[in-house]
Amino acid sequence: MMSAALKRIIKSGWRDFKRNNGLSVATIFIMVMTISLVTSLFLSQKTFNFLIVSLEDKVDMAVYFTEEPTNEEILTIQAELFHLPEVKKLEYISKEEALAKFTERHAGEEVIMESLAEVGGNPLLSSINIKAWEASQYAAISAFLDTASFNDLIAKVDYSQKKPVIERLFSLTSNINTTGIVLSIILALVAVLIAFNTVRIAIYNSKEEIETMRLVGASDWFIRGPFMVQGIISGLWAVLITFLIFSAAVYFLSPKVAIIVPGLNLSSFFFSNFLVILLLQLAAGVGLGVIASWLAVRKHLII
Amino acid sequence: MIFMISFQKVSKTFQSRLKPIHALEEVSFEVQPGEFVSIVGRSGSGKTTLLKLLLAEEDPSSGAIFFNDQDIHQIKSDKLHKLRREIGVVFQDYKLFPSKTTYENIAYVMEVMGASDREIKNDVAKVLELVQLTDRKDSFPEELSGGERQRAAIARALIHRPQVILADEPTGNLDPYHTRDIIKLLVKLNEMGTTIILATHNQEVINSLEKRVITLEEGKVIRDEKKGRFAI
């Protein structure tokens, strides 16, 4: 009995969807816009995160030692630093390694190489490069180094020189995050309201039909059901269309994006997050269709 | 005496911005099973309001309406559809579903009642034959003439064999030929045992019927005659 009613509701929803094709196409079009916006916000958020992470990755602080520490001292210093929750990565660079890197970096610059030869020997200091998880954490690491047990071995910490850059980066990333979240919420809300109103107007057109259905004895669910089915069908079509548009767009735009943001493979990100994106789109499309239809019909059922 | 429908001192007042409108005032009458009752009166006399109250589309301001001993305005809104399944309605403006064919419009009422596909197929075919619309079963309402639409609306009202059919000005939009056709159909249904309540201001129809007539004037019952004639 129940399954027969459900079958009729689905059949009726599908039939009405086909017969009201003009309205259905308009609803799908608006839904495609909404889902596209939600998907774009998701992808931009991921791109911003990637940018922030790659910017933060470029920032580090170096601790230079007065003399070449012994192996034992290096291990102790590394162990103490690793105890700090802010520390993500440590890299010890000996005097020799520092010289080799310096020589390699300035290989073509005669003046610098001649100056180095004139100074004689190896004027560079051994150091430990420290990477924190976030730009905001370098201040805490610097404060620790000021009171560390191996402080007498430290010649200098380059935090004070890098501090303005790090602080600026920290403020920039935090601003991008806050603006991104606020903007996403506002845009998503606008998109949802537009889609909701489209469904509401479509159902408003059937206001008299809904009234007649009530008067001939249809239960609320029998009235509401076909509209919800139409909402689901519109949502599914919209998801399919949006997904195809985005797949093609990502495939063709990915190489261009990689030029602007080196290291970012949008295509690989999109297809490796295939399920998450599809679920997000389904939640946006089908969820919107069902909830909007349910609420819009409910208004006409209250008599 | 067994009454199917009983109006007991029913009043209905609509609040408008200027002054309250008393659509019905202390209306009382009973209808027995199998009766054919015509409700007559000028436009605005309260005929449509009376039918709307019976269908629980409006609530009375005071008084009570009983259908098979049940006070219909005490029924919870989520159970109202069960009452409405006992009543068939024919509207003046037909109120057919524009996106459904004649067949689907008629079948809809049986679908909501949970009839099987086979029952629907058999019964709709019979009713289509009764209202002479078999060859128009796949047409949409906009493709039907006024008379055909009204016959389709009557078919939809009777398909589930309701105890009573309410017909609100069913001939209001029809020419005399189609009017006679529709009234003949209603009389035939009444002879088959269905109670009919017909709201109309068509003098010719009332006088030809020679059935019970309740006359309304400014929301009050001014006459209730067994074999009444149109007299306003």
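The model is predicted, so local features need pLDDT of at least 70 and side-chain atom pairs count only at pLDDT 80 or more, while totals for chains, interfaces and linings use all residues. Residues are numbered from 1 along each chain as its sequence is written, chains are lettered from A in the order in which they are written, and side-chain values use heavy atoms, leaving out hydrogens and water.

**The contact between the chains**

- Chain A brings 20 residues to the contact and chain B brings 26 (contact means heavy atoms within 4.5 Å).
- About 2200 Å² is buried between the two chains, with 52% of that from carbon and sulfur atoms; buried area is the accessible area (1.4 Å probe) that two parts lose on being put together, summed over both.
- Arg8(A), Leu215(A) and Val216(A) supply 31% of the area that chain A buries against chain B, more than any other three residues.

**Charged pairs**

- Between chain A and chain B there are 3 salt bridges (a side-chain nitrogen of Lys or Arg within 4 Å of a carboxyl oxygen of Asp or Glu).
- A salt bridge joins the side chains of Arg15(A) and Glu104(B), at 3.5 Å from N to O.

**Helix 8 of chain A**

- Helices here are DSSP runs (H or I, at least four residues), numbered from the N terminus.
- Helix 8 spans residues 207-215, and its buried residues include Ile210(A), Met213(A) and Leu215(A) (buried means under 20% relative accessible area, 1.4 Å probe, protein chains only).
- Gly217(A) follows helix 8 and has a positive phi, near 100°.

Conventions:
Buried means under 20% relative accessible area, exposed over 50%, partly exposed in between (1.4 Å probe, protein chains only). Helices (H or I, at least four residues) and strands (E, at least two) are DSSP runs, numbered from the N terminus.
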